[in-house]
Amino acid sequence: DDSPLVREGLYHHHISRFLNYFERDQVHVLLFDDLKEDSVAFLRDMYSRLGVDPSFTPDMADRRYHVTKSRPRFQGLYNGVVAVIRELRRRTQWANRWIEYLRKEGYVNVFHRLNRGKPFPELSDQRRAELADFYQEDIERLEQIIGRDLSHWCST
């Protein structure tokens with residue numbers, strides 16, 4: 001597949017490049033599947049590997065991000081708001097409290113609903129099969145590196 005976005009999904013290819021420079025025990029591959037299944041256990045495992053107290057559970061452990069099935073209607077506006085929020089959070093603790101208040105009160109959700117654009121197109125069965133075929137070898141090689149069964153990634 002010639003699509004740069006599709007090639008980004010060749011995880012074995014990317015991870016093997018890291019293994020050219022780091023020992024295998026220095027590289028730990030985290031799977032989104034595990035995060036979805038049990039976010040708290042996922043975070044505790046990650047914290048343990050990083051030397052952080054694994055009993056710590058951040059407030060955001062159960063929060064879901066980027067669950068929309070559509071693009072922002074006004075992508076530039078969305079990018080601008082995200083950039084401003086990111087900069088405010090970086091500069092001041094007050095902004096973090098204010099933004100969390102807005103999120104808890106539902107204002108962020110209102111913004112997302114108002115800015116909801118066209119839904120992402122559905123993936124056709126034919127394209128899904130093409131992608132499964134394209135990724136098959138890379139996934140099998142990734143399974144060998146990480147010692148996990150990933151066959152469900154290619155089921156069509």
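**Exercise 1.** Which residues in α2 meet which residues in α8? Classify the contact and the orientation of the two helices.

*Solution.* The model is a predicted one.

Step 1. On the α2 side, the residues in the contact are Tyr11, His12, His13, Ile15 and Leu19, and they meet Asp138, Arg141, Leu142 and Ile145 in α8.

Step 2. Sorted by class, the contact of α2 with α8 has five nonpolar, two polar and two charged residues.

Step 3. Helix α2 covers residues 11–19, and its axis comes within 8 Å of the axis of α8, crossing at roughly 40 degrees. Angles under 35 degrees would count as roughly parallel, and 65 to 115 as roughly perpendicular. The two helices, α2 and α8, are therefore oblique to each other.

**Exercise 2.** Find the angle at which α5 and α6 pack, and list the residues that meet.

*Solution.*

Step 1. Helix α5 spans residues 75–91 and helix α6 spans residues 93–104; their axes lie 7 Å apart at an angle of about 135 degrees.

Step 2. Roughly antiparallel would need an angle over 145 degrees. α5 and α6 are therefore oblique to each other.

Step 3. From α5, Ile85, Leu88 and Arg89 take part, meeting Ala95, Asn96, Ile99, Glu100 and Arg103 of α6.

Step 4. The classes in this contact of α5 with α6 are four nonpolar, one polar and three charged residues.

**Exercise 3.** Describe the second largest pocket by its volume, its lining and the elements that contribute to that lining.

*Solution.*

Step 1. The second largest pocket holds about 520 Å³ of space.

Step 2. Its lining consists of 16 residues, and those nearest the centre are Leu123, Arg128, Leu131, Tyr135 and Trp153.

Step 3. Two or more lining residues come from each of α1 (4–7) and α8 (125–146). The greatest contribution is that of α8, with six residues.

Step 4. By class, the lining of the second largest pocket has 10 nonpolar, four polar and two charged residues.

**Exercise 4.** How many salt bridges does the structure hold? Work through the one formed by Arg148.

*Solution.*

Step 1. The count of salt bridges in the structure is eight.

Step 2. Side chains of opposite charge can pair when their charged atoms come close. The partner of Arg148 is Asp34, with the closest N and O atoms 2.8 Å apart; the cut-off for a salt bridge is 4 Å.

Step 3. Asp34 sits in helix α3 (residues 32–37) and Arg148 in the segment after α8, so this pair ties together parts that are 114 residues apart in sequence.

Technical notes:
Residues are numbered from 1 along each chain as its sequence is written. This is a predicted model: local features need pLDDT of at least 70, side-chain atom pairs count only at pLDDT 80 or more; totals for chains, interfaces and linings use all residues. Side-chain values use heavy atoms; hydrogens and water are left out. On a 1 Å grid over the protein atoms alone, a cavity is a set of points where a 1.4 Å probe fits but cannot get out, and a pocket is an open set with protein on both sides within 12 Å along at least five of seven lines; lining residues have an atom within 4 Å of a point. Grid points are joined across faces, edges and corners, and a volume is the space filled by probe spheres set on the points. Helices (H or I, at least four residues) and strands (E, at least two) are DSSP runs, numbered from the N terminus. Ala, Val, Leu, Ile, Met, Phe, Trp, Tyr, Cys and Pro count as nonpolar, Asp, Glu, Lys and Arg as charged, and the others, Gly among them, as polar. Axes are lines fitted to C-alpha atoms, for helices over the stretch in contact, and angles run from 0 to 180 degrees between N-to-C directions. Contact means heavy atoms within 4.5 Å. A salt bridge is a side-chain nitrogen of Lys or Arg within 4 Å of a carboxyl oxygen of Asp or Glu.
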